[in-house]
Amino acid sequence: MGQFPAYDEKYFDDSHLEDINNLWFRYSNYPLKQSIRKYVSGKLKTNPDPGRDSNEPRLLLCSVDVEEGETVVFDSNSDNSQYAYDKIKKQYKHTINYDQGLMAEHIIASASIPLLFDYQWIPKEYDYQKFARGEEQDGNDARHENFRPFWDGGLLSNTPLREMISEHKTFWEKRLGLTMESQYLK
């Protein structure tokens, strides 16, 4: 794993430039991406079909949208993740579509610890044809207009259990057709 040294002069006294304590290392997440692609066959998608008796495991990955400051949960049973709810417009600002399943980028985004790793750019819409050809979708274009930057979910929630439970509850409410009113009327 490559290390990229960076001197931190923001918060430390820089009068002792030779002090090794001010040196941070940024690591590449490329080896992790290669391992995921080697051991995970393509995309991680589980079947949420309520008519099918399935014991497939469900994968929930918690990340933080760096620009929005919102916690986002990527779900292997879902086709997209909507977040940053605008209460005035009564709609979500952002959607990440992954209709064919979670990709290596989602896993890396949930493991990219700030300062040690760069954010992971996740495309808003996946080009699965590029993926099949082995081409990268890494957000390295100058504008990043088709990508969102994500970091580890622990950035906003040390143990993102609350987000996971909330996403799980929402999933089952949708699957069973429950509403808040129907739950309280019983």
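## Contacts, burial and confidence

Modeller: T71 is in contact with C62, S63, V64, L156 and E163, leaving aside its neighbours within four places in sequence. The model is a predicted one.

Colleague: Is T71 buried, partly exposed or exposed?

Modeller: T71 sits in strand β4. Buried would require under 20% relative accessible area and exposed over 50%. At a relative accessible area of 22%, T71 is therefore partly exposed.

Colleague: How far is T71 from P160 in space, C-alpha to C-alpha?

Modeller: T71 and P160 are 89 residues apart in sequence. Their C-alpha to C-alpha distance in space is 8.8 Å.

Colleague: What is the order of helices and strands along the sequence?

Modeller: The chain has 5 helices and 8 strands. Read along the sequence, they give the pattern β-β-α-β-β-β-β-α-β-α-β-α-α.

Colleague: Which element of the chain has the highest mean pLDDT?

Modeller: Over the chain the mean pLDDT is 75, and 68% of the residues reach 70 or more. The lowest mean among the elements is 52, for helix α5 (residues 180-185). The highest is 90, and it belongs to strand β8 (residues 147-152).

Colleague: R148 is found in that strand. Is R148 buried or exposed?

Modeller: The cut-off for buried is under 20% relative accessible area. R148 has a relative accessible area of 8%, so R148 is buried.

Colleague: Which residue has a side chain that makes a polar contact of 3.1 Å with the side chain of R148?

Modeller: Not counting residues up to four places away in sequence, R148 touches D65, E67, E68, Y83, H94, I96, Q120, W121, I122 and K124. Two of these side chains can be named as polar partners: D65, at 2.9 Å, and E67, at 3.1 Å. The residue with the 3.1 Å contact is E67.

Colleague: What is the relative accessible area of D65?

Modeller: D65 lies in strand β3 (residues 60-65). Leaving aside its neighbours within four places in sequence, D65 is in contact with E70, V72, Y83, R148, P149 and F150. D65 is buried, and its relative accessible area is 0%.

Colleague: How many aromatic pairs are there?

Modeller: Rings of Phe, Tyr and Trp pair if their centres lie within 6.5 Å. By this rule, the number of aromatic pairs is 6.

Colleague: What is the geometry of the pair formed by F74 and F150?

Modeller: The ring centres of F74 and F150 are 5.4 Å apart, and the angle between the planes is 70°. The pair links distant parts of the chain, with F74 in strand β4 (residues 70-75) and F150 in strand β8, 76 residues apart. Both F74 and F150 are buried. Planes over 60 degrees apart count as edge-to-face, and the F74 and F150 pair is edge-to-face.

Colleague: Why does the pair of Y83 and F150 count as edge-to-face?

Modeller: The ring centres of Y83 and F150 are 6.2 Å apart. This pair also links distant parts of the chain, Y83 being in strand β5 (residues 80-86) and F150 in strand β8, 67 residues apart. Y83 and F150 are both buried. The pair is edge-to-face because the planes of the rings are at 70°.

Colleague: Which residues do ring pairs link into a cluster?

Modeller: F150 pairs with F74. The cluster linked by ring pairs consists of F74, Y83, Y98 and F150.

Colleague: How far is A109 from S63 in space, C-alpha to C-alpha?

Modeller: A109 is in helix α2 (residues 104-109) and is buried, with a relative accessible area of 0%. Leaving aside its neighbours within four places in sequence, A109 is in contact with S63, Q120, I122, F150, W151 and D152. A109 and S63 are 46 residues apart in sequence, and their C-alpha to C-alpha distance is 6.1 Å.

Colleague: Which residues of α4 are buried?

Modeller: Helix α4 (residues 161-176) has 16 residues and reaches 22 Å from its first C-alpha to its last, close to the 22 Å expected at 1.5 Å a residue. G177, whose phi is positive, near 70°, follows α4. The buried residues of α4 are E163, M164, F171 and E173.

Notes: Residues numbered from 1 in each chain as written. Predicted model: local features only at pLDDT ≥ 70, side-chain atom pairs only at ≥ 80, totals over all residues. Heavy atoms only, no water. Helix = DSSP H or I, 4+ residues; strand = E, 2+ residues; numbered from the N terminus. Expected span 1.5 Å × (residues − 1). Buried < 20%, exposed > 50% of the residue type's maximum accessible area, 1.4 Å probe, protein only. pLDDT = per-residue confidence, 0-100. Polar contact = N/O pair within 3.5 Å; in protein donor to acceptor, adjacent residues only side chain to side chain. Contact = heavy atoms within 4.5 Å. Phe/Tyr/Trp six-rings, centres within 6.5 Å; stacked < 30°, edge-to-face > 60°.
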